[in-house]
Amino acid sequence: MSFELLIDILIATVPLMLIFATVFAFTTWLERKALARIQNRIGPNKVGIPCTRIGLFGLGQPTADGIKMIFKENIVPTGADRLFHLLAPILALIPSMLVLCFLPLDFPWLNENSVKAFLLDGAVIFFFAITGLNTLAVFMAGWASRNKYSLLGGMRAVAQMISYEIPLVLSAVIVVMMVGSLDAAEIAGEQKGGNWFVFYPWGFAAFVIFFIAALAETNRSPFDLPEAESEIIAGYFTEYSGFKFALFFLAEYIAMFAISGLAVTLFLGGGDGPGLAVLPWLSVIWFLAKIFALIAVMIWLRGTLPRLRVDQLMGFAWKFMLPLSILNIFVAGFAWHAKQLDSQFIMVITWVISLAVLYGAASGLNQLNRGKVRPREYKYAE
Amino acid sequence: MSILGGGIFKGMAVTLRNFLGSYTNKKERLPTIDYSWRADGALPQGIGDYPKEKGEQLSDTTTVTEYSRNFPMLLHDGGEPMDTVRCVACQICERECPPQCIYIEKDYDENGKYIKRPAVFDIDVSVCMSCQICVEVCPFDAIVMNSQFELSTPDRFGGLLMRRDDLLKSNDYYHKIHPEEAAARDAKIAAEKAAKEAKKKAAAEKARAAAEKKATEAAKEDAK
């Protein structure tokens with residue numbers, strides 16, 4: 001391997017690691033602040049410049065957390081499988097870091113000839129293949145801890161992630177159908193100039209399904225059953241402390257960025273946005289801004305919605321999202337054929353019809369799945 | 001017909017209002033009190049921000065809004081608590097309590113006759129989930145929620161068990177912490193009492209009328 005190639009590889013990969021690790025620290029602070037404000041609290045506001053009382057809105061909190069995590073004792077329970085207990089957080093981090101390379105980020109210092117972190121024309125399919133490993137890591141952590149709460153969390157995680165993987169992939173399939181390519185850069189290129197897929201009814205439905213499934217895949221609230229604090233302590237990472245816990249935490253957030261990045265690529269036009277013709281490097285900014293917008297919505301949802309029950313979670317995946325995403329594939333197929341006719345009028349008709357079909361199907365499924373809600377009955381009173 | 005997923009948007013609007021309001025309308029949307037003012041000369045540096053001077057309670061009416069509910073209390077109508085206590089030890093709340101944290105024993109006088117008040121009324125703080133179901137089911141308006149939240153104790157066995165005498169609070173105290181709710185409850189009790197009395201009066205009236213009628217009929221019979 002030549003020296004220049006090594007430099008090229010470093011130039012392509014190191015910024016990714018640096019940007020997302022920094023952004024991770026900032027996001028934890030942002031999330032705590034936002035959640036606090038939603039709950040009428042102040043949030044972290046004390047940790048600023050050391051040895052003074054300058055708070056800086058608590059911006060020192062991520063650093064303090066990091067220092068604490070590194071110096072904390074690494075506790076492994078008696079009877080735990082030490083090797084897998086160690087491997088699980090690493091295995092959780094690697095896939096989420098790896099898939100960052102597929103995001104079509106056009107850094108200004110990368111030119112035509114430089115090595116891209118990954119140039120793979122099957123990026124989308126590879127993304128799902130790699131993120132699937134996350135389930136294994138979570139279950140490994142639950143199994144290796146030799147703790148009933150951890151095992152329960154691991155089992156919940158497996159059930160949840162496998163169920164929600166299907167609507168996730170099926171909604172991504174629609175975009176692949178429309179573009180005819182699995183290459184992330186090509187998918188983003190197809191949506192140049194405001195032609196984002198989210199503006200079509202089938203694209204919007206797919207985006208919503210994708211976003212909900214992404215919440216479940218990354219164990220975010222309201223689908224945070226694997227780590228439900230009030231039910232099973234912290235689920236699969238009950239027995240983790242110190243830096244291993246920090247790795248899990250990091251992996252979870254990086255996975256959030258990665259899956260938001262994929263959602264941006266598939267539905268929100270990648271790096272597309274105003275001002276690109278004048279300043280091409282703005283595309284990176286747009287891309288990161290869109291990721292951040294999605295993350296903000298995730299935080300907002302976390303502050304709003306209560307956790308689902310296990311049966312509601314499974315029912316939602318199999319009885320609502322799966323039929324809807326399969327129907328959406330058919331709708332998108334018809335839309336694709338209508339597009340071949342190349343007529344403005346037919347396009348508009350398709351737009352309206354597909355919107356009506358999808359909304360009707362969604363509310364029909366909603367009505368079918370509606371549980372009976374009764375007021376609470378008292379057994380002994382009255 | 002409501003919009004699909006409309007409930008989620010409604011909830012998100014509420015949280016957004018809280019989020020933005022905490023910056024603009026601090027009085028209403030950010031009731032958290034920052035105790036760092038204590039450190040500005042009042043206390044030596046390094047002392048924490050939740051200082052407790054001896055006997056100081058944060059959970060009084062000045063720091064807690066009137067909508068705060070934390071833990072049940074037993075109401076009495078003033079005077080000697082056990083003479084005016086509203087609870088009759090019917091044990092409905094004990095049986096209805098989801099985590100079963102209430103324990104009640106009835107009170108008996110020396111002849112073994114049941115007097116309508118509890119001899120023992122314990123609630124376990126560590127088990128109570130503040131669901132307020134006991135308040136909803138109580139037919140006597142005897143148990144309501146208190147806003148006191150500083151219940152921590154160094155004794156994790158006895159200290160976390162609230163005894164009857166700890167739980168007894170006067171109706172005046174209830175009016176002080178939850179004025180709106182207490183007024184509504186008093187009005188409800190008064191209305192119920194009035195309705196009951198009216199019914200009683202009507203029944204008495206009816207009985208008297210019937211008796212009179214009977215008497216006149218009997219008199220007629222006699223006259224014949």
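Start with helix H3, residues 82–99 of chain A, and helix H10, residues 242–267 of chain A: they pack at an angle of about 25°, and their axes lie 8 Å apart. Angles under 35 degrees count as roughly parallel, so H3(A) is roughly parallel to H10(A). The crossing of H3(A) and H10(A) is left-handed. Keep in mind that this is a predicted model.

Now the residues. Which residues of H3(A) meet H10(A)? From H3(A) we have Pro89(A), Ile90(A), Ala92(A), Leu93(A), Ser96(A), Met97(A) and Val99(A). Across from them, H10(A) brings Lys244(A), Leu247(A), Phe248(A), Leu250(A), Ala251(A), Ile254(A), Ala255(A) and Ala258(A). Sorted by class, the contact of H3(A) with H10(A) holds 13 nonpolar, 1 polar and 1 charged residues.

On to chain B, and the sheet. Here we have an open sheet of 3 strands, in the order S4-S1-S6, and the pairing is mixed. Which strands are at the edges? Strand S4 (143–146) and strand S6 (168–170) of chain B, each pairing on one side only. On average, neighbouring strands in this sheet are turned by 55° against each other, direction ignored.

Last, one strand pair from that sheet. Strand S1 of chain B, residues 71–76, pairs with S4(B) in the antiparallel sense, over 4 bridges.

How values were computed. Residues are numbered from 1 along each chain as its sequence is written. Chains are lettered from A and ligands numbered from 1 in the order in which they are written. This is a predicted model: local features need pLDDT of at least 70, side-chain atom pairs count only at pLDDT 80 or more; totals for chains, interfaces and linings use all residues. Axes are lines fitted to C-alpha atoms, for helices over the stretch in contact, and angles run from 0 to 180 degrees between N-to-C directions. Helices (H or I, at least four residues) and strands (E, at least two) are DSSP runs, numbered from the N terminus. Angles under 35 degrees count as roughly parallel, over 145 as roughly antiparallel, 65 to 115 as roughly perpendicular and the rest as oblique. A crossing is left-handed if the near helix is turned anticlockwise from the far one by less than a right angle, and right-handed if clockwise. Two residues are in contact if their C-beta atoms, placed from the backbone, lie within 7 Å. Ala, Val, Leu, Ile, Met, Phe, Trp, Tyr, Cys and Pro count as nonpolar, Asp, Glu, Lys and Arg as charged, and the others, Gly among them, as polar. Two strands pair if DSSP finds at least two bridges between them.
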